[in-house]
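Dear colleague,

I am handing over the structure we spoke about, with the sequence alongside.

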Amino acid sequence: MTSRFDTQTCLNIRRRILQLANKSGEGHVPSSLSIVEMVVAVYQRIAQQSLSNDLFILSKGHAALGLFSALESMGKLDGFDLDSFCEIDSPFGGHPSSMNCSAVTFSTGSLGHGLPVAAGLAHFHRHSSQRLNIYTLLGDQECNEGSIWESALIASTLNLDNLVALVDVNRSDNRSMPMLDHESKWSSFGWNVLKVDGHSLEDLHRNLDEADAYSGRPSVLLCETVKGKGVSFMENSPEWHHKKISLEDLSIGLAELSIA
Ligand SMILES: Cc1ncc(C[n+]2csc(CCOP(=O)(O)OP(=O)(O)O)c2C)c(N)n1
């Protein structure tokens, strides 16, 4: 069962996302609110299992604010102050940069690059002396990029069972062609497909266990989520994809995110 501590942690991360977006006037807020439990689950797993070398790539890099806020809550920002988000010379820009921030495995922002890089890393680390698992988080509309399917095919052909993709299935298809029936697509590309409640840490951990134990093929977790999760006026609202948050929006959002 998800502990009260974990529930509060996710709420606090969401509150921090809103505060930083208001302070900076930047950030893709609903995209960030969507990924909180997925990022927390992956990093909890990496920490709990002493697999500190396992790697995570946020392929939908526009949700950087969600990644940074989660990393901060887990004490992984090496003392750098996230209050500088999107200021000049800050290590924390609107998209994650591995050149500026050591906690970022690979710079992303142009959609379609996280999975190809994760597949390359998984191929290398599958045969290294200390086998590493590689995790990557994709947007469902990001899956319109051809590079996703090229690398999906390579990953199953090379039997990369140390590769786990999480797809944030929040059905925000207003910026691209709708991407339908993920399950049959991933399974026809040779992946082990798992369907997950992307806002339940318990369900995420159960399925990450299953993915890690699965042998012979890469696994994909199709995570059902809500874009803008927790803030009613942002949930499933296309106009909020990249929009400044006023002080009034902030105060309503924080009030909604205060009930644990
Ligand atoms: C190659 C590329 N094309 C277009 C964009 C602009 N863009 C940023 S976010 C986005 C929508 C992404 O949708 P999805 O992957 O489902 O993410 P979510 O809605 O969950 O934030 C687009 C088209 C981009 N970043 N990269």
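With which side chain does the side chain of Arg45 make a polar contact? Before the answer, please keep in mind that this is a predicted model. The partner is Asp212, whose side chain makes a polar contact with that of Arg45 at 2.8 Å. Arg45 belongs to helix H2, and with a relative accessible area of 3% it falls under the 20% limit, so Arg45 counts as buried. Leaving aside residues up to four places away in sequence, Arg45 touches Tyr135, His205, Leu208, Asp209 and Asp212. As for Glu235, it stands 190 residues from Arg45 in sequence, and the C-alpha atoms of the two are 28 Å apart in space.

The nonpolar interior comes next. In soluble globular proteins, nonpolar side chains tend to be buried together. Here the largest nonpolar core has 52 residues, and those with the most contacts inside it are Leu18, Phe56 and Leu221. Helix H2, which spans residues 29-48, supplies the largest share of this core, namely 11 residues. Another core, made up of 23 residues, lies apart from it and includes Ile57, Ala118, Ile134 and Val169. To return to Phe56, its contacts, not counting residues up to four places away in sequence, are with Val39, Val42, Tyr43, Leu67, Thr105, Tyr135, Thr136 and Leu137.

The ligand may be what you wish to look at in detail. It is surrounded by 17 residues, of which the closest are Ser31, His62, Asn170, Ser172 and Lys227. By kind, the residues of this shell divide into 9 polar, 7 charged and 1 nonpolar. An N or O atom in the side chain of Asn170 is 2.8 Å from an oxygen atom of the ligand, and for the side chain of Lys60 the corresponding distance to an oxygen atom of the ligand is 2.9 Å. Gln141 takes part through its backbone, where an N or O atom lies 3.0 Å from an oxygen atom of the ligand. On its own the ligand has 590 Å² of accessible area, and the protein covers 76% of this.

The backbone oxygen of His62 is 3.4 Å from a polar atom of the His28 side chain. His28 sits in the loop between helix H1 (4-24) and H2, and because its relative accessibility is 10%, it counts as buried. Apart from residues up to four places away in sequence, His28 touches His62, His241 and His242.

Cys86 has a phi near 70 degrees, a positive value in a residue other than glycine, and it is placed in the loop between helix H3 (64-73) and helix H4 (114-126). Its relative accessibility is 28%, so Cys86 counts as partly exposed. Asn159, in the loop between helix H5 (146-157) and strand E3 (163-169), has a phi near 55 degrees, again a positive value in a residue other than glycine. With a relative accessible area of 35%, Asn159 is partly exposed.

With best regards

How values were computed:
Residues are numbered from 1 along each chain as its sequence is written. This is a predicted model: local features need pLDDT of at least 70, side-chain atom pairs count only at pLDDT 80 or more; totals for chains, interfaces and linings use all residues. Side-chain values use heavy atoms; hydrogens and water are left out. A nonpolar core is a set of buried Ala, Val, Leu, Ile, Met, Phe, Trp, Tyr and Cys residues joined through side-chain atoms within 4.5 Å. Buried means under 20% relative accessible area, exposed over 50%, partly exposed in between (1.4 Å probe, protein chains only). Helices (H or I, at least four residues) and strands (E, at least two) are DSSP runs, numbered from the N terminus. Contact means heavy atoms within 4.5 Å. A residue is near a molecule or strand if one of its heavy atoms lies within 4 Å of it. A polar contact is a pair of N or O atoms within 3.5 Å; within protein, one must be able to donate a hydrogen and the other to accept it, and residues adjacent in sequence count only if both atoms are side-chain atoms. Accessible areas come from the Shrake-Rupley method with a 1.4 Å probe; for residues, only the protein chains shown count as cover. Ala, Val, Leu, Ile, Met, Phe, Trp, Tyr, Cys and Pro count as nonpolar, Asp, Glu, Lys and Arg as charged, and the others, Gly among them, as polar.
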